[in-house]
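Student: I would like to learn how to read a structure like this one. Where do we start?

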Amino acid sequence: MSDLVTVENLHKSFGGLQVLRGMSFGVPEGEMRVLLGPNGCGKSTFLKTMIGLHRPSAGEIRLAGERIDGLHPHEIARLGVSTKLQVPSVFRELSVYQNIRIAVQRETGRDARSRNMVIDETLDMIGLITQAGNRAGNLSHGHQQWLEIGMAIASQPRILLLDEPTAGMTPEETQQTAQIVLRLNRQKGMTVIIVEHDMAFVSALDAPILVLNQGSIFFEGTLRQVRTHQGVKEIYFGSRA
Ligand SMILES: Nc1ncnc2c1ncn2[C@@H]1O[C@H](COP(=O)(O)OP(=O)(O)OP(=O)(O)O)[C@@H](O)[C@H]1O
């Protein structure tokens with residue numbers, strides 16, 4: 001299958017600080033990749049560059065063969081790239097249902113019946129149907145994260161980017177989040193790129209891993225291969241791992 005996302009020789013500097021230095025990889029349509037790497041190696045910078053919040057210093061990002069680097073965030077979103085970053089984005093005063101409805105309404109061209117179907121399907125996907133009438137601000141931290149995932153998928157994107165979605169969650173919520181992401185990927189066929197540190201979560205996803213180090217992809221393989229690769233152990237897990 002051809003790549004939905006192609007990242008080629010991507011560079012991003014902030015002043016004199018070179019964060020991304022020749023990052024290259026591809027993700028075939030319908031697949032998932034986990035982006036791992038030590039703190040400050042540029043994982044969030046990559047996600048923000050992909051959604052147009054940062055302009056690359058050099059290199060290309062393609063979606064289904066078309067260049068998206070340099071486009072505005074709303075143009076990239078319209079092409080089907082959706083994201084849940086670490087910054088909270090739910091409307092706390094509104095209900096769970098209203099939050100999802102707002103996210104669905106951002107899409108044009110749907111009639112009311114099909115909008116309602118998307119809202120119900122989204123609530124089902126994120127496991128919050130029984131909480132639909134609750135105020136978003138009253139949800140637990142974990143459930144708010146699921147709601148944010150729901151808002152990100154309500155536009156039915158081609159690719160979903162998640163930045164540390166399980167941060168601050170309990171171990172049980174973390175496992176349930178893995179199930180949500182797996183449903184999106186395996187049942188809905190959504191392409192997913194996830195930045196994550198939690199190894200229990202990464203293990204549950206059972207997806208190929210990209211290890212980012214010093215601004216470029218250092219290694220690509222399974223979690224098992226990553227865990228036993230001497231070079232990765234040294235840069236990521238520390239030499240004692
Ligand atoms: N807007 C910015 N201006 C200047 N420097 C920045 C900016 N954004 C990120 N950086 C720097 O770029 C480097 C990479 O940051 P980034 O947040 O991408 O790392 P990360 O791999 O996501 O880290 P973590 O795992 O800790 O979240 C850091 O040194 C950071 O201080």
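Tutor: With the ligand. The model is predicted, and in it helix 1 gives the largest share of the shell around the ligand, 3 residues.

Student: Which residues surround the ligand?

Tutor: The ligand is surrounded by F14, L17, V19, G37, N39, G40, C41, G42, K43, S44 and T45. By class, the shell holds 4 nonpolar, 6 polar and 1 charged residues. Strand 2 (17-28) and helix 1 (43-50) each supply at least two of the shell residues.

Student: How should I read a strand, say strand 7?

Tutor: In a regular strand, side chains alternate between the two faces of the sheet. In strand 7 (residues 159-163), I159, L161 and D163 point one way, while L160 and L162 point the other way. Each of these residues is buried.

Student: Which strands pair with strand 7?

Tutor: Strand 6 (residues 81-84) runs parallel to strand 7, joined by 4 bridges; there S82 stands opposite L160. Strand 8 (residues 191-195) also pairs with strand 7 in the parallel sense, over 5 bridges, and L160 stands opposite V192. Between strand 7 and strand 8 the chain passes through helix 6 (residues 171-187), in a right-handed β-α-β crossover.

Student: What about the nonpolar core?

Tutor: In soluble globular proteins, nonpolar side chains tend to be buried together. Here the largest nonpolar core has 57 residues, and those with the most contacts inside it include L147, L160 and V192. Helix 5 (residues 141-153) gives the most to this core, with 6 residues.

Student: What is L147 in contact with, leaving aside its neighbours within four places in sequence?

Tutor: L147 is then in contact with V90, V96, N99, I126, L128, A136 and L139.

How values were computed: Residues are numbered from 1 along each chain as its sequence is written. This is a predicted model: local features need pLDDT of at least 70, side-chain atom pairs count only at pLDDT 80 or more; totals for chains, interfaces and linings use all residues. A nonpolar core is a set of buried Ala, Val, Leu, Ile, Met, Phe, Trp, Tyr and Cys residues joined through C-beta atoms within 7 Å. A residue is buried if 20 or more other C-beta atoms lie within 10 Å of its own, exposed if 12 or fewer, and partly exposed in between; C-beta atoms are placed from the backbone. Two residues are in contact if their C-beta atoms, placed from the backbone, lie within 7 Å. A residue is near a molecule or strand if its C-beta atom, placed from the backbone, lies within 6 Å of it. Ala, Val, Leu, Ile, Met, Phe, Trp, Tyr, Cys and Pro count as nonpolar, Asp, Glu, Lys and Arg as charged, and the others, Gly among them, as polar. Two strands pair if DSSP finds at least two bridges between them. A crossover is right-handed if, with the strands pointing away from the viewer, the path from the first strand over the helix to the second runs clockwise.
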